[in-house]
Amino acid sequence: MSTLKAVRGTRDLLPPETALWNRIEATARAVFARYNFGEIRTPIFEDTGLFARGVGEETDIVSKEMYTWEDKARAQSEKSQTLTLRPENTAGVVRAYIEHKLGETGQLQKLYYIGPQFRRERPQKGRYRQFSQIGAEVIGPPSAGSESPVRDAEVLEMLATLLNELGITGWTLNINSVGSAADRAKYNETLRAALVPVVGLMCQDCQRRAVTNPLRVLDCKVPEDQPIIETLPVIADSLDEDSKKHFAAVTAALDAAAVPYTRNHRLVRGLDYYTRTTFEFTHGGLGAQNALLGGGRYDGLSELIGGPKAPGIGFAIGEDRLVLTLLAQESAAPQVLADAFIAPLGESLNPAALALAQQLRHAGLRIELGEGSFRLKKSFEAADKTARKIVILGEDELQSGILTVKDFATGNQTKVPRAELAAFLAKSDIV
Ligand code: HAM
């Protein structure tokens, strides 16, 4: 019988790497709390129509990459429905915003999420079919200030803070404005016209895009096409006055907060809902999939999916890519060692060892429990791999209440009364 394996593009995450994932998530939650965000948890699957209307029928995500199925009615009272595993979470958050009438509070909603997303892309380093995003959205009625460029700058400043607190060095913030929907339509036509005389010299993909979606030509990575792309008109010249003013206000606020950025005229992003500010943080260590995170403003998304006017801005970080970057920087996920390994000398001491482990764990210590059939040598070998110290529990120790503790870092062996053991194990971090 052939062995079953994880499906292509999906992965198991194992310790010690999962400790790094937990650290990243704990840091993100702590930073988001300081900026007064609350957590939202939306379902992992949604009605397919949400993504078709929200993200856009013409995008790669919707046209090629979604996991979609027909969910048959189970009862007469139900209807069959076409459902999709979420490929991203902005559409789901905005759907929840509309469904729960959050706009009626009159307040700005600041919501973050952490969880899996699904896209049927070609797997490679940093690109998976199930991946995890850490994202946030700021959305609300215009009266709550949701259109203000300060919101854009605040989100970008928060991201810079988060990456710095995680210890990610060498990131670049690329920022651009794609203007209003009308600006974008105007630019599309300008680009289409500019491509006519040169597109014959470009790659097959660009020749197709020049007809179907000229904006996507700007994403082309083929080296020979780059000199041609550099000569194409830029979207900045198609923006209306309001969009130009908005962008200038975002960059002025970034300057005030000393957040470094690069204006990237080619950053138009692959989702249809964006308006005005778009951005990506990239990292050189990631190779071809170099976007650590992406986001932008989506002032018309709520109306697109049947809601009230609710401008917003948000981002999603590729958590898998954060982990890759940190692993490359730190060379390996640190092994987490237990504070102590309890070694009972004989099977009759197993119950007492369990009780001792319970006492120490209740005191907040990380404890590994050995087993009495181990010889002392095997206990020492196991303990040396998993814990910083070993606590020997034999008949003598049980009777006298004085335990023998060996510290692997220093080689010191100490006799410690049971009542003082937890404090001894806790403090001896300082070698
Ligand atoms: P996105 O650019 O499609 O935007 O994805 C955001 C990030 O998710 C990417 O920069 C990347 O780090 C990660 N990512 C995307 N696809 C994969 C994959 N197949 N494997 C691993 N990581 C991946 C969005 O999803 C928008 N919802 C962001 C947003 C929020 N815009 C406004 N609010």
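This is a predicted model: local features need pLDDT of at least 70, side-chain atom pairs count only at pLDDT 80 or more; totals for chains, interfaces and linings use all residues.
**Aromatic pairs**

- Across the whole structure, a search finds eight aromatic pairs, and one of them joins Tyr273 and Tyr298, whose ring centres are 5.8 Å apart and whose planes stand at 70°, so that this pair is edge-to-face.
- Tyr273 sits in the loop between β8 (262-263) and β9 (275-283), while Tyr298 sits in the loop between β10 and α10 (301-304), so their pairing ties together parts of the chain that are 25 residues apart in sequence.
- Phe380 and Phe408 also form an edge-to-face pair, with 6.2 Å from centre to centre and 90° between the planes.
- This pair links distant parts of the chain, since Phe380 belongs to helix α13 (residues 376-386) and Phe408 to the loop between β15 (402-407) and β16 (413-417), 28 residues apart.
- Phe380 counts as partly exposed because its relative accessibility is 24%, and Phe408, at 22%, likewise counts as partly exposed.
- One aromatic cluster is formed by Phe32, Phe37, Tyr112 and Phe315.

**The shell around the ligand**

- The ligand is surrounded by 26 residues, of which Glu88, Glu121, Tyr128, Arg269 and Tyr274 are the closest.
- By residue class, the shell around the ligand divides into eleven nonpolar, eight polar and seven charged residues.
- At least two residues of this shell are supplied by each of the strands β6 (130-139), β10 (291-297) and β11 (312-318), and the largest share, six residues, comes from β10.
- Arg269 places a polar side-chain atom 2.8 Å from an oxygen atom of the ligand, and Tyr274 places a polar side-chain atom 2.6 Å from a nitrogen atom of the ligand.
- In the case of Leu292, a backbone N or O atom lies 3.1 Å from an oxygen atom of the ligand.
- Of the 660 Å² of accessible area that the ligand has on its own, the protein covers 96%.

- Cys203 counts as buried because its relative accessibility, 18%, falls under the cut-off of 20%.
- Cys220 is also in no disulfide, and here again the nearest cysteine sulfur is that of Cys206, at 3.7 Å.
- With a relative accessibility of 3%, Cys220 counts as buried.

- Ile98 lies in helix α4, which spans residues 90-99, and Ile98 is partly exposed because its relative accessible area is 22%.
- Although Ile98 and Gly306 are 208 residues apart in sequence, they are 8.2 Å apart in space when taken from C-alpha to C-alpha.

Methods: Residues are numbered from 1 along each chain as its sequence is written. Side-chain values use heavy atoms; hydrogens and water are left out. A residue is near a molecule or strand if one of its heavy atoms lies within 4 Å of it. A polar contact is a pair of N or O atoms within 3.5 Å; within protein, one must be able to donate a hydrogen and the other to accept it, and residues adjacent in sequence count only if both atoms are side-chain atoms. Accessible areas come from the Shrake-Rupley method with a 1.4 Å probe; for residues, only the protein chains shown count as cover. Helices (H or I, at least four residues) and strands (E, at least two) are DSSP runs, numbered from the N terminus. Ala, Val, Leu, Ile, Met, Phe, Trp, Tyr, Cys and Pro count as nonpolar, Asp, Glu, Lys and Arg as charged, and the others, Gly among them, as polar. Buried means under 20% relative accessible area, exposed over 50%, partly exposed in between (1.4 Å probe, protein chains only). A disulfide is a pair of cysteine sulfur atoms within 2.5 Å. Rings of Phe, Tyr and Trp (its six-membered ring) pair if their centres lie within 6.5 Å; planes under 30 degrees apart count as stacked, over 60 as edge-to-face and the rest as tilted.
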